[in-house]
Amino acid sequence: MEDTKPAVVLLVEDDPGDQKLVKYALRFQQHQSNLQIVGTGEEAIEYLRQCKKGDESTPRPDIILLDLNMPGMGGKKFLQNIKADDELSTIPVVVVSTSDEKQDIEESYKLHAAGYVQKSDNLDKLRRIIQKLTQYWFATSMLVKK
Amino acid sequence: MSVKPYRTSQLTVGVAFVLCACLVVAASETYPEHEVKAAFLYNFMKFTDWPVEKVPDSNDIMTIFVVGNYPECKTFKDIQEKSSESNPVQVRIFKSYEQIDDPNTLKQCHVLFICKDQKKHVGRILNLVKDSHVLTAGEDEGFLEAGGIINFVEYQEKLRFEINIPAASEADLKLRSKLLKLAKRVITDDTES
Amino acid sequence: MKPKIDMTIPKRRAFSRLIAATSHNMTINHKLVMIIMLTCVATLIIAGGTFTGYEWNILRQLMVMNLSAQAETLAETCKAAVAFDDAEDAKETLSSLKVGPSIVFGGIYDEEGKLISAYYRYGSDRGVQPNSVQGDGYRFEGDYLTVFKCIILDGDVIGTVCIRSDLEPLRRMLFSSIKIILIIIGVSLLAAYFISSRLQSVVSQPIIKLTELAKAISEGKDYAVRGVKVSNDEIGLLIDAFNEMLDEIQHRDHALVEANKELEAKVAERTADLEAMIEKLNRSNRQLQEFTYVASHDLREPLRKISAFGQLLAASLSDKLESDDRENLDFMIDGANRMQQMVEALLTYSRITTKGVDFETIDLNEVVKELTSFELAVKIEETNAAVELPEPLHHVNCDATQVRQLLQNLIANALKYQKTGVIPKITICSSVQDDGMVRVEVQDNGIGIEEEQYNNVFTMFRRLHTRQEYEGTGIGLAVCKKIVERHGGDIGVSSVYRQGSTFWFTMPAAQEVTVNAASQSDSQATL
C-alpha cells in the first residue's frame with residue numbers, strides 16, 4: 001500500500017476535547033490522514049449514507065474511530081447498524097472508549113469491532129496508539145477501495 | 001475238862017447281863033400298850049357327846065379318873081400333858097377303890113377307866129356312877145356285861161374295843177357312829193353282836 | 001479352731017427382709033386384707049390363748065377344789081379310824097377313792113407322817129406315793145396333783161389325808177377346749193377374710209382409681225382430666241388436692257404456651273427489626289460502594305481532560321513560557337495526574353468488593369510465574385531481581401484476579417522499595433495453618449519498615465516516603481488489605497529496618513491442601 005493518498009478516518013466522538021486530542025494525535029503521524037469528525041451516531045450514519053451515494057464531500061472512511069459513550073444512538077447501536085449494512089460492514093471500526101470494563105470490550109468485539117482502545121490522558125500514549133493503529137491498518141491491511 | 005470253870009463264869013455274866021436288862025426295862029416307864037389305851041381314852045372323849053348339864057361348855061376341863069394300881073396305870077397321866085389348851089384334860093389316878101376317901105368323887109369325872117386289878121370292884125363302881133353321865137371304860141372280860149360302856153379288847157394283836165350301847169344311852173351319852181363303827185363288838189338293845 | 005458363726009442375726013434380718021419384700025410389691029388390696037387378717041389372727045390367737053390359759057387355770061382350780069373336797073370328806077370319814085389306829089377301817093374308807101378314775105393314790109398318815117393305809121389305783125405301782133407329806137394344801141408335781149388335808153379331831157391334828165390324781169382329765173378338757181377354740185378361730189378368720197376382702201375396697205378403690213388417673217395423665221399428658229371425689233375423708237382431700245394440682249398445671253401450661261407465643265412474637269419482631277436494620281446497613285453499604293465506584297468512575301473523565309490538555313499546552317507553550325509559568329503549569333498538570341492516580345486507586349479499591357467474583361482453586365505458583373513473566377517482567381529485568389520459590393506454594397481458594405493483584409502489589413513493592421545498587425532478592429513461601437488458612441510470606445531485602453509504621457502502611461493514601469524518594473500512590477497495600485479481608489484472611493508485616501521486610505497474608509486453603517496438610521502433620525507426629 002502506498003501512503004500517497006491520505007487515509008480517511010471517520011471519528012465518531014461527541015466530546016470536543018476528545019475530538020481535539022485525536023486530531024492532535026493524528027497530526028503527527030507518518031501517514032497523512034483525512035480526519036472527518038461527526039458528533040453522534042446519527043450523524044455518522046448520515047455521513048456514511050452520503051458516502052454510499054458517492055458524494056465527494058463525504059469520502060468513504062478507511063477506518064472508523066468510534067466512541068461508545070454518546071448521546072442518542074450510542075456507539076454500540078451504531079456499530080450494530082453499520083455492521084449490518086453490506087457495503088459498510090467492510091470498514092474496520094476501532095472502538096476508542098473511556099471504559100475498560102470487560103463487558104464493554106466483549107460486546108464491542110461481539111459486534112465485530114476491529115479493535116478496542118482505551119482513551120488515555122497521556123498524550124504520548126495516545127499518539128503511540130494512534131500511530132500503531134494507523135500503521136497497522138494503513139500499512140498492513142488492504143482496505144476495500146470503492 | 002479244864003474249861004469248866006471258865007464256862008461257869010461266862011454263864012454268870014450272861015445271866016447277870018440279862019437280869020440287868022430286865023431291870024432296865026423294868027425301870028423304864030414305857031408301857032406301849034397302855035399308852036395306846038390312854039390315847040384311846042382321850043379319843044373316846046372326842047367321839048362322845050355328854051349332856052349339857054355335865055359339859056355345859058365344849059372348852060370345859062374334861063376329867064379322866066383312873067382306878068388301878070399297877071405301874072402301867074401311870075401312863076394315863078400322860079394324857080393330861082398331851083391335852084391341848086383348847087381341850088384341857090385332867091387325869092387323876094386312884095390306886096384302888098378302897099383307897100378312895102369319898103367314892104362319890106368318882107361321879108365327878110367324865111371318863112372313868114377301871115383297871116383290871118379292880119376287877120372285884122367293877123360292879124360297885126359302875127353302880128355308883130350309873131346316873132352321873134360317866135363314860136366307863138375297862139379292860140376286862142365281861143366289863144360290858146357288868147354295865148360298862150367301852151371295853152378294851154385285843155384283836156389280831158391290835159388293841160380294839162367293844163361298846164355297850166344301852167349302857168351308853170342309860171348314861172345319857174351319845175357315841176358317834178364312827179366310834180361304833182370301829183368297835184369290834186357292839187352290844188345293842190335287841191342283839192348281841 | 002473354726003470361729004463360731006452367729007446365725008441368729010442374719011436370720012432375723014432375712015425375716016424382716018422377707019416381710020418387706022413380700023409387702024413391697026403387694027397391691028393395696030392385698031396389703032389391707034393382709035393387715036386386717038394379721039390383726040384378726042393376732043387378736044384371735046391372743047384371745048384364744050388367754051382364754052385357754054384362763055381355762056387351764058380354772059380347770060386346775062376346779063380339780064384342786066374337787067380333790068380337796070374329796071380329801072376333806074375322807075379326812076372326816078376316817079377320823080375315828082386314825083384316832084383308833086384302825087388300819088382296816090381306814091383302808092375301807094380309802095376304797096371310796098376307786099370312784100375317781102384319775103385318782104392314782106390315796107393315803108392316810110398319822111400325826112407323825114407314817115402311812116397308816118393307802119389306796120393304789122394300779123396296785124403294784126408304789127412309785128405314785130408322794131415324796132413328802134405336808135399340811136393342808138396341794139401341789140402340782142410333774143404329772144400329778146397331790147392334795148393334803150389334815151385330819152383334825154377336836155382341834156388336834158391327828159393325821160393327814162393325801163389324795164393324788166393324775167392330770168389326765170385336765171388335759172382332756174384342755175385339748176377339747178383348744179380344739180373348739182381353734183375351730184372358732186378358723187371360722188372367724190374365714191369370716192374376717194371375706195368381710196375384709198369386701199370392705200377393703202372402701203379404702204383401696206378410690207386410691208386405685210386415683211392411681212389409674214395419675215398414670216393416664218402422665219402417659220397421655222392430658223391435664224384436662226379430673227378425679228371424682230366420692231368420700232369426704234383423706235382420700236377425698238387427696239383427690240381435691242390432685243385436681244387443684246392439675247388445674248394449676250393446666251394454668252401454668254397455658255401461661256407457658258402464651259408466654260412462649262409472646263416471646264416468639266417478640267423475637268420475630270426483633271429479628272424483623274434486626275433484619276431490616278441489616279438490610280438497611282447492607283443497602284447503605286452497597287450504596288456507598290456504588291457511589292465510590294460511580295464517583296471515581298465519573299471523576300476520571302474530566303481529570304483525563306485536564307491532564308491531556310495540560311500536556312498539550314505544556315508541549316506547545318514550552319518555549320513560549322517563562323520558567324516560572326512553566327513551573328506553575330507543571331505543578332498543575334502534576335496535580336491533575338496525581339488526582340487521576342488517586343481516583344484510579346479509589347476505583348480499584350471499590351472494585352474489590354463490587355466487582356469481586358466467586359472463589360476458585362488457584363495455583364499460586366502459576367500466578368507468580370505469570371506475574372514475573374508479564375506484568376512484572378520489565379521491572380524484574382530492569383533491577384536484575386530474583387524471585388524465588390524455595391518450595392511450591394500451596395493452592396488457595398480465592399478470586400483469581402484479586403489474588404493476582406495482591407501478589408503483584410506485594411512483589412512490586414518489594415522491587416520498588418530498594419536501596420540503590422542493591423539487587424532485589426524476593427523469597428515467597430507458604431504454609432498451612434490449623435484453621436484451614438494458607439499463610440503466604442513475601443520476603444525481601446529492601447529498605448525495611450519501622451515498627452511504629454507497621455499499621456500505617458496498610459492505610460489508604462498513607463505513604464512513608466516522598467514522591468521524590470519513591471513514586472507511588474499509597475493505595476497498593478490498602479488494596480492488598482481489602483482483598484485479603486474479602487477472603488476472610490489477615491495481612492501483616494514484620495521487618496528489620498534497613499535490611500528487609502516480610503509481608504504475610506492468609507487466605508483460605510483449597511480443599512486438598514487441608515487434607516494433605518493434615519495427613520502430613522499426622523505422619524510427622526508418628527515419626
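How much area do chain A and chain C bury between them? Hello everyone, let's start there. In this predicted model, the two chains bury about 1200 Å² between them, and 49% of that is on carbon and sulfur atoms. On the chain A side, Leu21(A), Glu101(A) and Asp121(A) supply 41% of the area that chain A buries against chain C, more than any other three residues.

Who takes part in the contact? Chain A brings 16 residues, and chain C brings 16 residues. Across this interface there are 6 salt bridges. One to look up on your screens is Arg351(C) with Asp100(A), where the closest N and O atoms are 3.2 Å apart. There are also 5 residue pairs in polar contact between chain A and chain C.

Now, which elements of chain A give two or more residues to the side that touches chain C? They are helix 1 (16-27) and helix 5 (123-140). Helix 1 of chain A gives the most, with 5 residues. By type, the chain A side divides into 3 nonpolar, 5 polar and 8 charged residues.

Let's turn to chain C by itself. Chain C holds an open sheet of 5 strands in the order 2-1-5-4-3, with antiparallel pairing. Strand 2 (115-120) and strand 3 (137-141) stand at the edges with a single partner strand each, so one side of each has no neighbour in the sheet. On average, neighbouring strands of this sheet are turned by 15° against each other, direction ignored.

Inside the sheet, strand 4 (residues 144-153) and strand 5 (residues 156-166) of chain C pair over 10 bridges in the antiparallel sense. For an example in strand 5, find Ile163(C), the bridge partner of Val147(C).

Methods. Residues are numbered from 1 along each chain as its sequence is written. Chains are lettered from A and ligands numbered from 1 in the order in which they are written. This is a predicted model: local features need pLDDT of at least 70, side-chain atom pairs count only at pLDDT 80 or more; totals for chains, interfaces and linings use all residues. Side-chain values use heavy atoms; hydrogens and water are left out. Two strands pair if DSSP finds at least two bridges between them. Helices (H or I, at least four residues) and strands (E, at least two) are DSSP runs, numbered from the N terminus. Axes are lines fitted to C-alpha atoms, for helices over the stretch in contact, and angles run from 0 to 180 degrees between N-to-C directions. Contact means heavy atoms within 4.5 Å. Buried area is the accessible area (1.4 Å probe) that two parts lose on being put together, summed over both. A salt bridge is a side-chain nitrogen of Lys or Arg within 4 Å of a carboxyl oxygen of Asp or Glu. A polar contact is a pair of N or O atoms within 3.5 Å; within protein, one must be able to donate a hydrogen and the other to accept it, and residues adjacent in sequence count only if both atoms are side-chain atoms. Ala, Val, Leu, Ile, Met, Phe, Trp, Tyr, Cys and Pro count as nonpolar, Asp, Glu, Lys and Arg as charged, and the others, Gly among them, as polar.
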